[in-house]
Amino acid sequence: MQAIDINNIHLFCSTIGRLYRLLYNKYKFFKYLTLNASVFSSSNYMIVIHTKNQEKTFSVYCSPNMYIIKDGIDDNINVVFTVDHSFITNIMNNKDDYELNPHKLLKFIPKLLKSIQIDSENFYKDSIKGELVSLRAGIDSDIYYMLKWYNDTELNKLAGWTSTKVTASKLKYNMSRSFGYDPMNLIIDNENGKPIGTIQLYSIDEQNKSCNLGIRIGDKDHWGKGYGQDAINTILRYAFFNIDMYRVNLKVYEYNVRAYKCYLKCGFKDEG
């Protein structure tokens, strides 16, 4: 493989991914050597390739059946691998041999571990910005709004909730579980920084790479103006690109027509 371009890097990533899955299936304890990298990368990473005359950088997004390769640096990626072009050439020229004898890949692990750089500070976010909204962890002053939203009869009916009163202590506990937790509970702020609702990712299944989504636009003055749609699209980008989900589910009651139409606009499909 002579050229360093997206097509060749795509082929290399597909090949090395398949080969190392064979290796890890045979020697499962080696997977723990790269656990730290996989936690921070969500299976996405940047690869920097060195040759004698140049340095090329590619951003790689992984899913079970495909790789998305982008030329250059992407801010969403926290893990960087730096490799020599000769390593890529070796893998591609000998892929059939490595597939039959995956143990031969063990010799590359020390070099790959040394090549990893992890930007852990960038991994922990304070907020996620959309076009109209920002999603952030809750603070104590949000309790004032949430007590109204979560004890509103109309809002609870739309969510399929019972009339049980929600207490401040329960809401405060829920707010403490934001980025990095299951459930991940976030406050939705409008463009002026005013809290208008909440959004959650929950039942996060790391093995199957799936989770559920819930949303409540509590400020009724912001209904029908695109805030809910923007909040959903913003958290979906985070789910797919930052925490490596492959599937996001939600449920809606048949009488919540406004929400149903919004979910369809965001790309959700009927399943039942």
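Modeller: Phe-58 has Asp-71 in β3 as its bridge partner. The model is a predicted one, in which local features need pLDDT of at least 70 and side-chain atom pairs count only at pLDDT 80 or more, while totals for chains, interfaces and linings use all residues. Residues are numbered from 1 along each chain as its sequence is written, and side-chain values use heavy atoms, with hydrogens and water left out.

Strand β2 (residues 55-62) and β3 run antiparallel and are joined by 5 bridges. Two strands are taken to pair if DSSP finds at least two bridges between them. Strands are DSSP runs of E with at least two residues, helices are runs of H or I with at least four, and both are numbered from the N terminus.

Both strands belong to an open sheet of 5 strands with mixed pairing, in the order β3-β2-β1-β4-β5. Its edge strands, β3 (67-71) and β5 (116-118), each pair on one side only. On average, neighbouring strands of this sheet are turned by 25° against each other, direction ignored. Helix α1 (residues 6-26) packs on the sheet and touches β1 (45-50), β2 and β3, a contact being heavy atoms within 4.5 Å. The direction of α1 makes about 140° with that of β3. For such angles, axes are lines fitted to C-alpha atoms, for helices over the stretch in contact, and the values run from 0 to 180 degrees between N-to-C directions. Within the residue range of α1, Cys-13 is buried, with a relative accessible area of 0%; buried means under 20% with a 1.4 Å probe, protein chains only.

The other open sheet has 6 strands in the order β6-β7-β8-β9-β10-β11, with mixed pairing. Because β6 (127-129) and β11 (247-249) stand at the edges with a single partner strand each, one side of each is left without a neighbour in the sheet. Here the twist averages 25° from one strand to the next. Strands β9 (residues 195-205) and β10 (residues 210-217) pair in the antiparallel sense over 7 bridges, and Leu-201 stands opposite Leu-213 in β10. Cys-211 counts as buried at 1% relative accessibility. With a disulfide defined as a pair of cysteine sulfur atoms within 2.5 Å, the count comes to 0.

As for the protein chain as a whole, there are 11 helices and 11 strands, and buried residues make up 43% of its 272 residues.

Notes. Buried < 20%, exposed > 50% of the residue type's maximum accessible area, 1.4 Å probe, protein only.
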